[in-house]
Amino acid sequence: MATPVSGPVQSSPSAAPALQRGIVKMVLSGCAIIVRGQPRGGPPPERQINLSNVRAGALARRATQNQPETKDTPDEPWAFQAREFLRKKMIGKEVCFTVEIKTQQGREYGMVYLGKDASGENIAESLVAEGLATVRREGIRGTNPDQARLCDLEDQAKAAKKGIWSEGGGAHTIRDLKYSIENPRNFVDSLHQKPVNAIIEHVRDGSVVRALLLPDHYLVTVMLSGVKCPTFKREADGTETPEPFAAEAKFFTESRLLQRDVQIILESCPNQVILGTILHPNGNITELLLKEGFARCVDWSMAVYTQGAEKLRAAERSAKERKVRIWKDYVAPTANLDQKDRQFVAKVMQVVNADAIVVKLNSGEYKTIHLSSIRPPRIEGEEKNKDKDKRFRPLYDIPYMFEAREFLRKKLIGKKVNVTVDYIRAATTAAETGPVPAFPERTCATVTIGGINIAEALVSKGLATVIRYRQDDDQRSSHYDELLAAEARAIKNGKGLHSKKEVPIHRVADISGETQKAKQFLPFLQRAGRSEAVVEYVFSGSRLKLYMPKETCLITFLLAGIECPRGSRNIPGGVPEPFSEEATLFTKELVLQREVEVEVESMDKAGNFIGWLHIEGVNLSVALVENSLSKVHFTAERSAYYKTLQSAEEVARQRKDKIWANYEEKPTEEVAQVSEEKERVANYRPVYVTEITDGLHFYTQDVETGAQLENLMETMRAEIAAQPPVEGSFTSHRGDYCIAKFADGEWYRARVEKVESPAKVHVFYIDYGNREIVSSVRLAALPPAFSTRSLPPQATEYAFAFIQVPQDEDARADAVDCVVRDIQNTQCLLNVEYGGSTCPHVTLLFSDSKDDVGQGLVKEGLVMVEVRKEKHLQKMVTEYLNSQESAKSARLNIWRYGDFRADDADEFGYSR
């Protein structure tokens, strides 16, 4: 401690000692203090000053640990009183001092005065006058007036019998110091969290202090509840390495608490560590440390903090926002979000499971929100695999998952909630998570309704648990402490997941698609009239999955009386009908996860129930028709709702909205959306053109699989020749696969497209693409060994890209004749350019010359160019348009009368 506080050190007693200033940091004893300077960019320098010419009693010392020969040394009489006299008078105060002597060992002796100059109170004189120190007379010279005054003051104290000069020897002034407590937990509990008077004797780091509890003189180490400051790490060689801001945090606490009179609330004692809160007249050090960025909140001790955990979180939040000290590089979890994206009001449309909901924003956008910091009920791997024969259904098979989902469903569905985004959990890949499934990016938020935190309500009922985080993980709920408190209450009261009772079991029979079970169940539902149900899932606008609570079963339910646009799942080729998505969305918004009433009328052959669904007095079938999202089906004529449906359809038709907007016009071809950034991919593959249709579509076979088809045909014909089919034995139905005898007398694989009569059956040859009307006697069952499972249909339908087919029959026939002449039954090269409503659109090259077949049609004036807007196709479109201009200039075929694509285009059978 030889570092100067201010000014030079005077080492010669003969010279006039310089007056120096400082602030008293600590009183070591009745005759020694530590003085510090002013902090400048970090903790200030400090030095020990011993009072000249006086001696006070030595304070108690604890025996050195790991040295059994040393023993505890008690206070000398009046030593503690002398220390306290100086502590109360000087701690934290400004003093001035002189250094009269500096020994070879570096110890400094001098005079100390309260205040800014030597006119202030002389500390040594005050001690001697109170009888708390003795004068070292052996070193006194009579010529020194200051020393002579000390002797006079000592004589006066002796005469007055003050302090150490009093009768009795001072044994009553010796403290009974207790360095350890036998049972710290019982000791803390016995105080019942009442404030205890104390003196802070030592500051280990910003959040750990050594305190002397009064009046019983217990010396205890106290860790501040709810926070942790940077610490000093002890290295192997015994040195200490401070973490960033450790020294600053320690000084912050020292300058405010060291040797101050405080009150301490001892709050808990986990693992022999005493947690407490230090109360000082000037404020709460715990909150100050957080606010100034010297500490961070810690969850494990936050729960015992008695002064309000939300204050600590608010103080930490303030430091983070200001990016002070340990938070200087802090980036908030929602820093990249606009304010409107951080806090918003939305309508709950669906409860995904016990910790996620789907909401609809004011913009109409749908967003999945995960409840922050909670985990839904889950089942361990062994339990999950216990019954491998049974299909695992999380909603019903995980204990309390159904209760949690129902709690959220009843509270939230269709209601407006307040959403505050707490953090965005980044997407994870399977490689990062190992055996844990990968997750997409998740928006985690606190959701409230009517002032109630939904996550907290779930946790308090024992229907979810709180996620534990690493201390440095800031991605958590903004109400994390309330969640922990709610979980503690749930555990204490044995709620839900924490209950010791038997877990609830939900035996729910799923009879969707189970035809036999559905037949048995149908009469009960028909007799029941209107039955209560909950819509579990919406497949399409008119197809739903329902949970029947009274019957504890799941059924698939089809809306009666309407014909709803079909989605891609129900259509060959996977292209949805117009407005199918809108119809599905309408049904979802109206009934998903709502409580409804259903009237079951019948069932179909797949085991699906057909009937009417009502929600709050609204018939869903009628609502879909009213909103131009469905048409009335002829089967509705037998129902009581037919007139209502008819009138609703009439109104919708007159509005000419949605499905009725262009119902007399041919629907426009849907253009596949391709991102502008995508480049055209030219990946030509060899194909064999087998059929050209009247609409200028064509069918091809892949050259690569041609050998497989030849082998299949040879084997199939050999088997048929060995066992000829019986004429008339095959009963044809639409959609059936079969074999058909073509005009050449050979059998080919085919599919029945339409049955007019036994003499007129429309078939499609699935490997060649041609169609024919045949008699049923020319049909037979397809042998299983040659089914589409062994080899898929080989004929694939395509249309020419960038080409607009003429509507005029003669012009179209000319184009078809040209294509038939050029490419039918020849090998070409094919590249898919973009999708279409019925089949992909492609470019086709002659295999020898590599000329573009479609562009050739344009050059000859047989077709027009269809202009595409996709950026990556513009080069091709330009080439086609140049060819078209060339044909127009030469007045070839359709351009022989000039450019007809003006007002009279329809007259010529063309449209632009």
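**Salt bridges up close**

Guide: Let's start with Glu406 and Arg405, whose side chains meet in a salt bridge at 2.9 Å, N to O. Keep in mind that this is a predicted model. Both partners are tucked away: Arg405 is buried at 3% relative accessible area, and Glu406 counts as buried too, at 12%, since the cut-off for buried is under 20%.

Elsewhere, salt bridges with shared partners link Arg83, Glu84, Arg87, Glu201 and Asp261 into one network.

Next up is Glu76 with Arg55, where the closest N and O atoms are 3.5 Å apart. Arg55 belongs to strand S4 (54-55) and Glu76 to the loop between that strand and helix H1 (79-90), so this pair ties together parts 21 residues apart in sequence. Glu76 is partly exposed at 31%, and Arg55 is also partly exposed, at 37%.

Zooming out, the structure holds 46 salt bridges. For contrast, have a look at Lys411, Lys415, Lys461 and Lys495, which form a positive surface patch. One of them, Lys415, is in the loop between helix H12 (401-412) and strand S22 (416-425), and it is partly exposed, with 40% relative accessible area.

Methods:
Residues numbered from 1 in each chain as written. Predicted model: local features only at pLDDT ≥ 70, side-chain atom pairs only at ≥ 80, totals over all residues. Heavy atoms only, no water. Patch = residues over 30% accessible without salt bridge, like charges linked within 9 Å, V, L, I, M, F, W, Y side chains within 5 Å. Areas by Shrake-Rupley, 256 points an atom, 1.4 Å probe, with all protein chains shown as cover. Salt bridge = Lys/Arg side-chain N within 4 Å of Asp/Glu carboxyl O. Lys, Arg positive; Asp, Glu negative; His and termini not counted. Charge placed at Lys NZ, Arg CZ, Asp CG, Glu CD. Helix = DSSP H or I, 4+ residues; strand = E, 2+ residues; numbered from the N terminus. Buried < 20%, exposed > 50% of the residue type's maximum accessible area, 1.4 Å probe, protein only.
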